Amino acid sequence: RNCYGDALKRNPRLGGKLVVYFRVIGDKKVGGVVDETKILGDTTLDDAEMQTCVRESMMSVSFDAPPDDRELTVVYPILFSPEDDEAGSEQ
């Protein structure tokens, strides 16, 4: 949300789809951590700074450990629209 708010300050009409790939690894003792993130090619939101911000932010997210100490890969499309999002508005 903060990444989009910052991007809206640069471009108040910025919108589109951001497709995030991330991999979660870990074990029950430490939990799950994101060890890899990518922005995939079918992304339509064209803001390199926001894409970098989202990738870097995902690296600090923690999850429950995947079952049986395996890894989990996720592809998550996120739609952003300045009309629908209050991230860039002053409160």
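Which residue forms a salt bridge with Glu49? I started my notebook with that. The model is a predicted one, so I kept local features to pLDDT of at least 70 and side-chain atom pairs to pLDDT 80 or more, while totals for chains, interfaces and linings use all residues. Residues are numbered from 1 along each chain as its sequence is written, and side-chain values use heavy atoms, with hydrogens and water left out.

**Entry 1: the opening pair**

I looked up Glu49 and found Arg10 as its salt-bridge partner, with the closest N and O atoms 3.5 Å apart. Glu49 sits in helix H2 and Arg10 in helix H1, so the pair ties together parts that are 39 residues apart in sequence. I took a salt bridge to be a side-chain nitrogen of Lys or Arg within 4 Å of a carboxyl oxygen of Asp or Glu. Side chains of opposite charge can pair when their charged atoms come close. Glu49 is exposed, at 54% relative accessible area. Arg10 is partly exposed, at 39%. My cut-offs: buried is under 20% relative accessible area, exposed is over 50%, and partly exposed lies in between (1.4 Å probe, protein chains only).

**Entry 2: the whole chain**

Next I stepped back. I counted two helices and four strands in the protein chain. From the N terminus on, their order is α-β-β-α-β-β. Helices (H or I, at least four residues) and strands (E, at least two) are DSSP runs, numbered from the N terminus. The C-alpha trace spans about 45 × 30 × 20 Å along its principal axes. The chain has 91 residues, and 32% of them count as buried. I then checked contacts, meaning heavy atoms within 4.5 Å. Among contacts with a separation of 6 or more, 72% join residues 24 or more positions apart.

**Entry 3: helix H2**

Which residues of H2 are buried? I found Met50, Gln51, Val54 and Met58 in this helix, which covers residues 48-58. Seen down the axis, they fall within an arc of 100 degrees, so they line one face of the helix. The arc is taken from the directions from the helix axis to the C-beta atoms. On the face turned away from the buried side I noted the exposed residues Ala48, Glu49 and Glu56. The cover over the buried residues includes helix H1 (2-10) and strands S1 (16-27), S2 (31-39) and S4 (72-80). I also checked the start of H2. There a side-chain oxygen of Asp47 comes to within 3.2 Å of the backbone nitrogen of Glu49.

**Entry 4: other salt bridges**

How many salt bridges does a search of the whole structure find? I got six. One of them joins Lys9 to Asp6, with the closest N and O atoms 3.9 Å apart. Both residues lie in helix H1, three residues apart, about one turn of the helix. Lys9 is exposed at 60%, and Asp6 is partly exposed at 39%. I also looked at Lys38 and Glu36, whose side chains meet at 3.5 Å, N to O. Lys38 is partly exposed at 39%, and Glu36 is partly exposed at 22%. These two belong to a salt-bridge network that links Arg23, Asp35, Glu36 and Lys38.

Is Thr37 buried or exposed? I read 15% relative accessibility, which means that Thr37 counts as buried. Thr37 lies in strand S2. Its side chain reaches the backbone oxygen of Arg55 at 3.3 Å. Leaving aside neighbours within four places in sequence, Thr37 is in contact with Tyr21, Phe22, Arg55, Met58 and Met59.

I turned to Gly16, in strand S1. Gly16 is buried, at 18%. Gly16 and Phe80 are 64 residues apart in sequence, but their C-alpha atoms are 5.3 Å apart in space. With neighbours within four places left aside, the contacts of Gly16 are Thr44, Leu45, Ile78, Leu79 and Phe80.

**Entry 5: the largest pocket**

Last, I looked for open space. On a 1 Å grid over the protein atoms alone, a pocket is an open set of points where a 1.4 Å probe fits, with protein on both sides within 12 Å along at least five of seven lines; lining residues have an atom within 4 Å of a point. The largest pocket holds about 190 Å³, a volume filled by probe spheres set on the points, which are joined across faces, edges and corners. Of its 11 lining residues, Arg1, Cys3, Val54, Ile78 and Phe80 are the closest to the centre. H1, H2 and S4 each give two or more residues to the lining. H2 gives the most, with four.

Note on methods: Polar contact = N/O pair within 3.5 Å; in protein donor to acceptor, adjacent residues only side chain to side chain.
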